[in-house]
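Subject: Structure handover

Dear colleague,

Here is the structure for you to look over. My notes on what was found in it follow below.

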Amino acid sequence: MYILGASRHAKSVIDQLESIHLVEGVFDDNPEIISILGLEVNSPIPDTFSEDLPIHIAIGDNCLRKSISQRLPNGATYINILHNSAIVSKYARLGKGIVMMERTIVKVDTTVGNHVIINTAASIDHDCQISDFVHIAPNACLCGNVEIGEGTLVGAGSVILPGVKVGKWCVIGGGSVVHKDMPDGSKWIGSKNIC
């Protein structure tokens, strides 16, 4: 596989692989990064790849992850990387290019979009809808029937109560409790929307 991105999030992704020998190449647009966890880093990220190997975009920034995915050809093959301690319902629907870190939980009838990060010990309960390019940070908890719009960041240790709808490209601060719907582009800190 190819890993795109060579910063801190990429370290976490590479660490989850059963064998580092699965990585054919690591690419990053920053020419100053020359290696990561003993792997050589090539620069810049190419728009095409010579072999038909799967790709994983290991970039934590939601907007940048989307931008990189749009640079690549429509036929690119993306791989999901799920830690062996992740618990995923057989009735969950998963997109492509997802990473699920240690001890994550995705429950029944949940849909996870493309290029989503579900970070360490995050819990997503039944009937949730997670759109593309979302990042669910460590220990975040999404109760049942929650919707998360494209590109949203759900901060570490946050709780989103049942039935809440969060818009696109929102930011939820760490440790927040979201108890009502959030419009696109809004911010939530603690127990209130600060738009």
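In helix H1 (residues 8-16), the buried residues are His9, Ala10, Val13, Ile14 and Gln16. They lie on the same side of H1, because the arc they cover around the axis is only 155°, an arc taken from the directions from the helix axis to the C-beta atoms. Arg8 and Asp15, on the other side of H1, are exposed. Buried here means under 20% relative accessible area, exposed means over 50%, and partly exposed is in between (1.4 Å probe, protein chains only). Helices (H or I, at least four residues) and strands (E, at least two) are DSSP runs, numbered from the N terminus.

This is a predicted model, in which local features need pLDDT of at least 70 and side-chain atom pairs count only at pLDDT 80 or more, while totals for chains, interfaces and linings use all residues. Residues are numbered from 1 along each chain as its sequence is written, and side-chain values use heavy atoms, with hydrogens and water left out.

On the cores: a nonpolar core is a set of buried Ala, Val, Leu, Ile, Met, Phe, Trp, Tyr and Cys residues joined through side-chain atoms within 4.5 Å. The largest one has 27 residues, and Ile118, Ile130, Ile136, Leu142, Ile148 and Ile160 touch the most other members. Another core, of 17 residues, lies apart from it and includes Val13, Ala58, Met101 and Ile117. Leaving out residues up to four places away in sequence, Ile160 touches Cys141, Leu142, Cys143, Val146, Ile148, Val154, Val166, Ile172 and Val178. Contact means heavy atoms within 4.5 Å.

Thr110, in the loop between strand S10 (105-106) and strand S11 (111-112), is buried, with a relative accessible area of 0%. With residues up to four places away in sequence not counted, Thr110 has contacts to Tyr91, Ala92, Arg93, Ile124, Asp125, His126, Asp127 and Cys128.

Asp127 itself sits in the loop between S13 and strand S14 (129-130). Its phi is positive, about 60°, although Asp127 is not a glycine, and its relative accessible area of 31% makes it partly exposed. Ala121, in the loop between strand S12 (117-118) and strand S13 (123-124), also has a positive phi, near 60°. Ala121 counts as buried, at 15% relative accessibility.

Finally, the peptide bond from Ser43 to Pro44 is cis, with omega near -5°. Pro44 belongs to the loop between strand S4 (39-42) and strand S5 (55-57).

Regards
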